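Here is a quick tour for anyone meeting this structure for the first time. Have a look around before reading on.

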Amino acid sequence: MTGGPGVKDATAIVGIGQTPFAKRLPEDERTLACRAVLAALDDAGIAPGEVDALASYTMEETDEVELAKAVGLGDLTFFSKVGFGGGGSCATVAHLAAAIAAGQATVGVAWRSRKRGSGPRPWTNTTAQLPTPAQWTRPFGLLRPADEIAMLARRYMHEYGATRDHLFNVALACRNRANQNPAAIMYDRPLTREMYMTSRWISEPLCLYDNCLETDGALACVIVSAERARDCRRRPVYVHSAAQGLPAQHHGMVNYWNDDPLTGPSWTAARHLWKHADFTPADVDVAQIYDAFTPLVPLSLEGYGFCGRGEGGAFTEGGALEIGGRLPVNTGGGGLSEAYVHGFNLINEGVKQLRGIATAQVPGAATCLVTAGEGVPTSALLLRS
C-alpha cells in the first residue's frame, strides 16, 4: 500500500456514521453495519446507488454481497478486505483512496461492525485449530492479547523505566475525553488515580483500566475524489498520506523473533507515512492513537516519531496527552473509554476534529494522525483539513 504522490490529497473523507455503542445491542452485526453505512452516506449527501467501492477487515463478518444488497449499492468495481483486526482500520481508507486516485472507483465506503461486547471472546474457541505460532505460546499461558501485550509492557518498563503512572496518564487522558463525549460508553464514569492503582489485575502489569472496552457497535466513512469532495454536504477531510507496515520476521503481539521486540510495526508504517507527507510529527495538531491497551500509546509515540526511543512513557507526563498538551490524543475517548470497534472510531474522531465539531475540540486543528494497532500488522493515516 502506498501513500505516495498519486494518493496525496487526491481523496477526502466526506461522510462519517456510527451506531450507538453499548455492551449489548439487540441488532445483529449486519444490521449495525447497514445503519452505520447509511448514516455515513447521509452525512455525505450521497445516495447508496452511487457507491462503487467497499473496504473492510478480514475479521468483518458482514461481507460485501450482503451489505451491497441490503443497503442498495450500485455496481461495485473495487472491493477489498485488509488482514486481521485492529491493524487494518486505517488501511481500509488507504485502499479506497488508492482505488479512487487510480480511477478504479468513484465513491468508496469503509466500515467495521462488531458485537464484541455481547459476543464470544475469540480466544475461548477451544475447537479451532491454533495457528502454528500460537501452538508454541497459548498452551503455556499467553492466551489472550492482554497477556501478550503485558509481556511487551513488562519488557518496556524494564528496559526504559516506564511506570504504571505513565500508563495511567494514557488511561486518564482517554477517560477525560470520554467524559466530554455523550456517545462514549464511559461518558458518565470519571477515572481517578486511586481507582486505577487499586483495580484488579488483568495480566500484570496491566490492570483493568489498561484494557480496552468490550463493545457492540458499528462505524463507517465515505471517501471520494478531492474534486468531488468540494461539492459534498460536509467540509472535506483530505487523505494526505497513508501507509501499512509489516516488519521482517514479525510475530503478532509478542514480536520476539525480531532483534528488538519493542520495535513494532508502527516503525515500518511510519517511515513510509512520513516519506510521502508534506509535514512532520511536530506539525501534527491532534492524534488518534490505537489504544487497545495503554502501553500501545507510548510505543506508538516512539514509532511515529513524536519522541525518542524509550521516551514514550515520559512523554505522557505533565498532561501532554490532554487538550492543551503537547499532543492531545484520542479525543473521543478511544478504545479505552469511548468504544472498541477495532479502531474505526479513531478514524471518525479524526474527521470530527478537522471539521471542528468534536466534543473535545482541539482549537484550530488542521492535521491529524490516525493509527491502527501497534504490535500487529498495522496501518496509519495523515489527515488534513
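Predicted model: local features only at pLDDT ≥ 70, side-chain atom pairs only at ≥ 80, totals over all residues.

How far are neighbouring strands turned against each other?

## Strand 11 and its partners

Now find strand 11 (residues 378-384), which runs antiparallel to strand 10 (residues 367-371) and is joined to it by five bridges. Follow the bridges and you'll see Cys 368 partnered with Leu 383 of strand 11, while Val 370 stands opposite Leu 381. The hairpin of these two strands has six residues between them, and Gly 375 takes a positive phi near 95° there.

Strand 11 also pairs with strand 8, again in the antiparallel sense, this time over seven bridges. Here Ser 241 stands opposite Leu 382. How much of strand 11 is buried? Six of its seven residues are, so the strand is largely enclosed by the rest of the structure.

## Helix 8 and its cover

Helix 8 (residues 265-275) has a set of buried residues: Pro 265, Ser 266, Ala 269, Ala 270, His 272, Leu 273 and Trp 274. What covers them? The cover includes strand 8 (237-245), helix 9 (296-303), strand 10 and strand 11.

## Glu 60 in its loop

Next, hop over to the loop between strand 2 (53-57) and helix 2 (64-71), where you'll find Glu 60. Is Glu 60 buried or exposed? With a relative accessible area of 4%, Glu 60 counts as buried, because the cut-off for that is under 20%.

A polar atom of the Glu 60 side chain lies 2.8 Å from the backbone nitrogen of Ser 113. Arg 112 has a ring to look at, too: it lies over the face of Tyr 57, at 5.2 Å from the ring centre.

## Aromatic pairs

The structure holds four aromatic pairs. One of them is Tyr 156 with Tyr 160, a tilted pair at 5.7 Å centre to centre with 55° between the planes. Both tyrosines lie in helix 4 (residues 145-160), four residues apart, which is about one turn of the helix. As a rule, an α-helix has 3.6 residues a turn, so residues three or four places apart point the same way.

Where do its partners sit? Phe 168 belongs to helix 5 (residues 164-178) and Tyr 196 to helix 6 (residues 193-198), so to speak a link between distant parts of the chain, 28 residues apart. Both Phe 168 and Tyr 196 are buried.

Key
Residues numbered from 1 in each chain as written. Heavy atoms only, no water. Phe/Tyr/Trp six-rings, centres within 6.5 Å; stacked < 30°, edge-to-face > 60°. Buried < 20%, exposed > 50% of the residue type's maximum accessible area, 1.4 Å probe, protein only. Lys NZ or Arg CZ within 6 Å of the ring centre and 35° of its normal. Pairing = 2+ DSSP bridges. Polar contact = N/O pair within 3.5 Å; in protein donor to acceptor, adjacent residues only side chain to side chain. Contact = heavy atoms within 4.5 Å.
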